[in-house]
Amino acid sequence: MALFDLPLDELREYRSESAEPEDFDAFWSKTLQEAREHELDARFEPVDTGLSTVQVYDVTFSGFGGHPVKGWLRLPVGATGPLPLVVEFIGYGGGRGLPHENLLWASTGRAHFSMDTRGQGSAWGGGGGTPDPVGAAPAYPGFMTRGIDAPEHYYYRRVLTDAVRAVEAARSHPLTDAARTVALGASQGGGITIAVGGLVPDLVAVAPDVPFLCDFPRAATLTDRHPYREIGLYLKTHRGRTEDALRTLSYFDGVHFAARGRAPAFFSAALEDQTCPPSTVFAAFNAWAHDEKAIEVYDFNDHEGGGPFHEAAKLDWLRSHA
């Protein structure tokens, strides 16, 4: 599909109509407080991968509800001092993959922590290893409507809590420098990055690529591509529940986390992206609270965004941050 959303000059001025809940901060403060009542219990087990330049650790830590969450920590072989830390979150349906994958960030001399996404990891890539032991009311297949009956039950309450705890777990390793922590990810990983940027006050930078989980009221009605389409298909069956569903989603909207962003940010958007329409990305970017922010726009790309070109742009941008 060619350009289908707002023209670029309007995107740069666009503001979401997503209504922020009055108790948004209280909801997340209580959620994280409850999670921290469980010991973090971060464990790092070395993995024999056959790699000669990167050491990989199999990580387990306590996320939402004290549930065990997996991850990989990758370090340059021979590292002796605290390293800048990149915490990465994964796209929808994917898992942490295999230990020898995703070597870019460790190859730059940084520590790299990638968090598994609970219940996912069976749609693409090398798989995942973190179950989601929490049940939910009837939902449309996928993850977007699991627990959508109430914010307390919603699937992404667990995922975003896991993500904050992932930062804490990665920072607990003696070879990572907590004062130089970056969060990044693409698509769902980009949406999680925005949330972490609003919930963790002392990151040095965030880099959300073509982020998902932003501006739900517009996204759910603008695109018929999954995963956003899961919301519409759920409401097609559960008639009359739109207002309640949007209320739940408002607690997880990247626009509201962006309003609390306290680190420099480097976004990307693709103008032909039907999965995460550019207006929903700009809604979060335009709401981002920190003064230092930039967005790279890929005019003729769909959800692949900038791909390796944007990786190069991030490598360059992060040199001055971590």
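I count two strands as paired if DSSP finds at least two bridges between them. Helices (H or I, at least four residues) and strands (E, at least two) are DSSP runs, numbered from the N terminus.

The model is predicted: local features need pLDDT of at least 70, side-chain atom pairs count only at pLDDT 80 or more, and totals for chains, interfaces and linings use all residues. Residues are numbered from 1 along each chain as its sequence is written, and side-chain values use heavy atoms, with hydrogens and water left out.

**Entry: β8 and β9**

I looked up A265 first. Its bridge partner in β9 is K293. The chain gets from β8 to β9 by way of helix α10 (residues 278–287), in a right-handed β-α-β crossover. Right-handed here means that, with the strands pointing away from the viewer, the path from the first strand over the helix to the second runs clockwise. Strands β8 (residues 265–270) and β9 (residues 293–298) run parallel and are joined by six bridges. I also found F267 opposite I295 in β9.

**Entry: the whole sheet**

What is the order of the strands in the open sheet? I read β1-β2-β3-β5-β4-β6-β7-β8-β9, nine strands with mixed pairing. At the edges are β1 (43–47) and β9, each pairing on one side only. Neighbouring strands are turned by 20° against each other on average, direction ignored. For angles, axes are lines fitted to C-alpha atoms, for helices over the stretch in contact, and values run from 0 to 180 degrees between N-to-C directions.

Next I checked which helices pack on the sheet. Helix α4 touches β1, β2 (54–62), β3 (68–76), β4 (83–89), β5 and β6 (176–186), and its direction makes about 160° with that of β4. Contact means heavy atoms within 4.5 Å. Helix α5 (residues 188–199) touches β4, β6, β7 (205–209) and β8, at about 140° to the direction of β6.

Is β3 largely enclosed or open? Eight of its nine residues are buried, so β3 is largely enclosed by the rest of the structure. I use buried for under 20% relative accessible area, exposed for over 50%, and partly exposed for in between (1.4 Å probe, protein chains only).

β2 pairs with β3 in the antiparallel sense, over nine bridges. V54 has P76 in β3 as its bridge partner. The two strands form a hairpin with five residues between them, and G65 in the turn has a positive phi of about 65°. β3 also pairs with β5, antiparallel, over four bridges. There G71 stands opposite M115 in β5.

**Entry: α2 against α4**

Two packed helices are described by the angle between their axes and the distance between the axes. For α2 and α4 I noted an angle of about 65° and axes 10 Å apart. Their crossing is right-handed. A crossing is left-handed if the near helix is turned anticlockwise from the far one by less than a right angle, and right-handed if clockwise.

Which residues meet? From α2 they are F27, W28, T31, L32, E34 and A35; from α4 they are Y156, R157, L160, T161, V164 and R165. The contact residues divide into seven nonpolar, two polar and three charged. Ala, Val, Leu, Ile, Met, Phe, Trp, Tyr, Cys and Pro count as nonpolar, Asp, Glu, Lys and Arg as charged, and the others, Gly among them, as polar.

**Entry: α7 and α8**

In α8 (residues 242–250) I found A245, T248, L249 and S250 buried. Their cover includes α2 (24–35), α6 (216–222), α7 (229–237) and α9 (254–258). In α7, the residues E230, I231, G232, L233, Y234 and L235 are buried. Among the elements covering the buried residues of α7 are α6 and α8.

**Entry: two single residues**

A136 lies in the loop between β5 (111–115) and α4 (155–171). Its relative accessibility is 48%, so A136 counts as partly exposed. Not counting residues up to four places away in sequence, A136 touches R146 and G147. R146 is ten residues from A136 along the chain, and their C-alpha atoms are separated by 5.9 Å.

L315 sits in helix α11 (residues 307–318). L315 counts as partly exposed because its relative accessibility is 25%. Leaving aside neighbours within four places in sequence, L315 is in contact with L104, W105 and T108. I also checked V204: 111 residues from L315 in sequence, 15 Å in space, C-alpha to C-alpha.
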